[in-house]
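Here is a short briefing on charged pairs and strand pairing. Look over the sequence and the structure before reading on.

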Amino acid sequence: GDAFIERSSRVRTTHEFLRRQLSRMLPLMMTQENGRNISFEGEQNRVRWVGSMPGYLGRGGPYVQELEFASNVLNYRYATLNGYKDGDLDAEEPVALLEGVAGGKFSFRTIDNSGKMTGWESRWADDQTVPIPLMLKLTVQMKPESRMEIPELLIAVVVDMNVGRPTQSFAQGVP
């Protein structure tokens with residue numbers, strides 16, 4: 001009974017942490033590639049974004065954060081955005097959020113040029129209409145010996161509606 005409660009608590013805590021961090025992405029540039037500002041990188045097994053940290057983990061300000069499925073673990077890494085350069089995330093050992101992972105994947109949704117929601121994509125294209133996804137889906141399969149099941153996690157990103165339209169503002173037309 002105690003082991004079951006501990007496993008359930010770990011899943012709930014991990015879900016809450018992931019939901020908080022991923023839902024509060026910031027459309028801030030973390031790097032440049034081919035003359036384009038990159039605010040989010042997403043693949044099936046890894047996501048990287050900019051967001052604030054909980055007070056107990058960070059020193060304030062935005063951080064580059066990364067989740068990655070690697071060798072039976074869901075790892076979390078972070079580095080301050082101020083002065084960030086490639087390789088900074090590898091400076092510290094990753095935090096293992098979940099162990100005993102058999103597989104997992106991230107999927108993304110956004111809006112297309114016509115303003116309609118896209119389907120779930122397993123890779124974030126650099127030429128999207130908005131710089132960060134509007135929704136993320138995290139699916140995790142655990143090894144049977146872990147005796148845990150992780151419910152699918154759907155996360156809506158809290159974002160300013162002008163993020164994909166920098167020349168427009170809700171205040172336009174207001175005297």
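This is a predicted model: local features need pLDDT of at least 70, side-chain atom pairs count only at pLDDT 80 or more; totals for chains, interfaces and linings use all residues.

Residues are numbered from 1 along each chain as its sequence is written, and side-chain values use heavy atoms, with hydrogens and water left out.

**Salt bridges: count and network**

- A search of the whole structure finds ten salt bridges. The term means a side-chain nitrogen of Lys or Arg within 4 Å of a carboxyl oxygen of Asp or Glu.
- A network of salt bridges links Glu41, Glu43, Arg46, Arg48, Glu66, Glu68, Arg77 and Asp90.

**Pairs in the network**

- Glu41 bridges to Arg46, with the closest N and O atoms 3.5 Å apart.
- Glu41 is buried, at 16% relative accessible area. Arg46 also counts as buried, at 14% relative accessibility. Buried means under 20% relative accessible area, exposed means over 50%, and partly exposed lies in between (1.4 Å probe, protein chains only).
- Arg77 forms a salt bridge with Glu68, and their closest N and O atoms are 3.5 Å apart. Arg77 is buried, with a relative accessible area of 17%.

**A pair within a helix**

- Glu16 forms a salt bridge with Arg12, the closest N and O atoms being 3.4 Å apart.
- Both residues lie in helix α1 (residues 2–23). Glu16 and Arg12 are four residues apart, about one turn of the helix. Helices (H or I, at least four residues) and strands (E, at least two) are DSSP runs, numbered from the N terminus.
- Glu16 is partly exposed, with a relative accessible area of 47%. Arg12 is partly exposed, with a relative accessible area of 47%.

**The sheet**

- Five strands make an open sheet in the order β3-β4-β5-β6-β7, with antiparallel pairing. Two strands pair if DSSP finds at least two bridges between them.
- β3 (40–42) and β7 (95–99) stand at the edges. Each has a single partner strand, so one side of each is left without a neighbour in the sheet.
- Neighbouring strands of this sheet are turned by 25° against each other on average, direction ignored. Axes are lines fitted to C-alpha atoms, for helices over the stretch in contact, and angles run from 0 to 180 degrees between N-to-C directions.
- β3 pairs with strand β4 (residues 46–52) in the antiparallel sense, over three bridges. Phe40 stands opposite Trp49 in β4.
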